[in-house]
Amino acid sequence: MYTLGIESSCDETAAAVLRGERELLSNVVYSQIKLHRPYGGVVPEVASRDHLQKLPGVIEQSLQQAQVSLRQIELIGVTYGPGLMGCLLVGLSYAKALAYGLKKPFIGVNHLEGHLFAHYLEHPEAPPPFIALLVSGGHTALIYVKTYGDYELLGQTRDDAAGEAFDKVGKLLGLPYPAGAEIDKLAREGNAQAVAFPRPMLASGNYQFSFSGLKTALALYLRAHPKQELRADVAASFQEALIDVLVKKTLRAAQDKGVRQVVVVGGVAANSRLRRRLLQAGQQLEVAVSFPSPALCGDNAAMIAAAAYFNYRQGRRSELSQTPEPALELAG
Ligand code: KG4
Ligand code: ZN
């Protein structure tokens, strides 16, 4: 059975074709980054207009690469939230029209659940229960995944998401948007102990995060130390502070819930230092840690197709009356 996945919640226009549960036949991701770079962030109106232009071609390409015709598609999965209203509307409307025209079912997928299915696609050996750390440009959350479909949100960020903190700090350091991968690279040349940045909410006794103060601390530090040659040290020290909090809180959640598996998903899960630190810390506590391959960490439609097929097998179907839900949360 072939599932077509569609993703357009933010600044990636993506389509993928999945055969059965996990066999990925194509995974096309068109990134709008160049369009938004001059503004230092995603401009919602520009994003939705570009989705409208690119989505038909991206879907066509995903079908061609998979060597599957539209008539062979049995199920359509599409992100319906959370995300930007105009952007969600493009993908969802397109998917509903396809489903109606083809007389095939479609399933609205929660983008956050989608990220979990990026891991599901590649790691059948690491099923739930596990603690998921979801770290992206829009979200930072710790989720206790009892089984797929049964989620307990343990905590999330009160202000900036981890990726957002990387991007804002990148702007302060004069790096292009989005800056996560750039900081990851720059930090490898710096001394992570050079500047003692705060570890926000490390001792809060809960699973909440807050990263806006860390960004302010860095801005104040740069004002007092404007020397350009310190940039790598500052980037490494910032990254270390943020990662310290993520690693410690994630492993604490695993211990508190008595689970021996941690899964990290979302764009920031591609961070090389985060991957290494979590693997090391997990090893010491005999907790297995796994991640999707970097290509599936950021937004893509393969994960949306996988989540849709899973939900389909659970008997779920969406109605053509389905509307976008920009503020959708991960429900248990
Ligand atoms: O999951 P994603 O593609 O989009 C959202 O759903 O938000 O995540 C994008 C975020 C951006 O903030 C980007 O800077 C960050 O992921 N990112 C990274 C790395 N690669 C991407 N952050 C840290 N290190 C990286 N290597
Ligand atoms: Zn995402």
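Reader: Hi! Starting with E286, is that residue buried or exposed?

Author: E286 counts as exposed, because its relative accessibility is 64%. The cut-offs are under 20% relative accessible area for buried, over 50% for exposed and partly exposed in between, using a 1.4 Å probe and protein chains only.

Reader: Thanks! What should I know about the model and the numbering?

Author: This is a predicted model, in which local features need pLDDT of at least 70 and side-chain atom pairs count only at pLDDT 80 or more, while totals for chains, interfaces and linings use all residues. Residues are numbered from 1 along each chain as its sequence is written, chains are lettered from A and ligands numbered from 1 in the order in which they are written, and side-chain values use heavy atoms, with hydrogens and water left out.

Reader: Good. Back to E286: where is it, and what is its phi?

Author: You'll find E286 in the loop that joins α9 (272–284) to β10 (288–290). Its phi is near 55 degrees, which is positive although the residue is not a glycine. Helices (H or I, at least four residues) and strands (E, at least two) are DSSP runs, numbered from the N terminus.

Reader: And K103, what's its phi?

Author: For K103, phi is near 55 degrees, again a positive value in a residue other than glycine. K103 sits in the loop between α3 and β5 (106–110), and it counts as exposed because its relative accessibility is 70%.

Reader: While we're on backbone geometry, which peptide bonds are cis?

Author: The one from G81 to P82 is cis, with omega near -10 degrees, and so is the one from P128 to P129, with omega near 5 degrees. P82 belongs to the loop between β4 (73–81) and α3 (85–102). P129 is in the loop between α4 and β6 (130–135).

Reader: Change of topic: how big is the largest pocket?

Author: Its volume is about 1300 Å³. A pocket is found on a 1 Å grid over the protein atoms alone: it is an open set of points with protein on both sides within 12 Å along at least five of seven lines, whereas a cavity is a set where a 1.4 Å probe fits but cannot get out. Grid points are joined across faces, edges and corners, and the volume is the space filled by probe spheres set on the points.

Reader: How many residues line the largest pocket, and which lie nearest its centre?

Author: The lining has 43 residues, meaning those with an atom within 4 Å of a point. Those nearest the centre are S136, G137, G138, D167 and Y177. Two or more lining residues come from each of β3 (23–31), α4 (111–122), α5 (162–172), α6 (180–187) and α10 (294–297).

Reader: Which element gives the most?

Author: That's α5, with six residues.

Reader: You mentioned α4. How many of its residues are buried?

Author: In α4, 11 of the 12 residues are buried, including H111, E113, H115 and H119. The end C-alpha atoms of α4 are 18 Å apart, which agrees with the 16 Å its 12 residues should span at 1.5 Å a residue. The expected span is 1.5 Å times one less than the number of residues.

Reader: Nice. Which residues of α7 are buried?

Author: Those are L214, K215, L218, Y221 and L222. They lie on the same side of α7 because they cover an arc of only 120 degrees around the axis, taken from the directions from the helix axis to the C-beta atoms. On the other side of α7, R223 and A224 are exposed.
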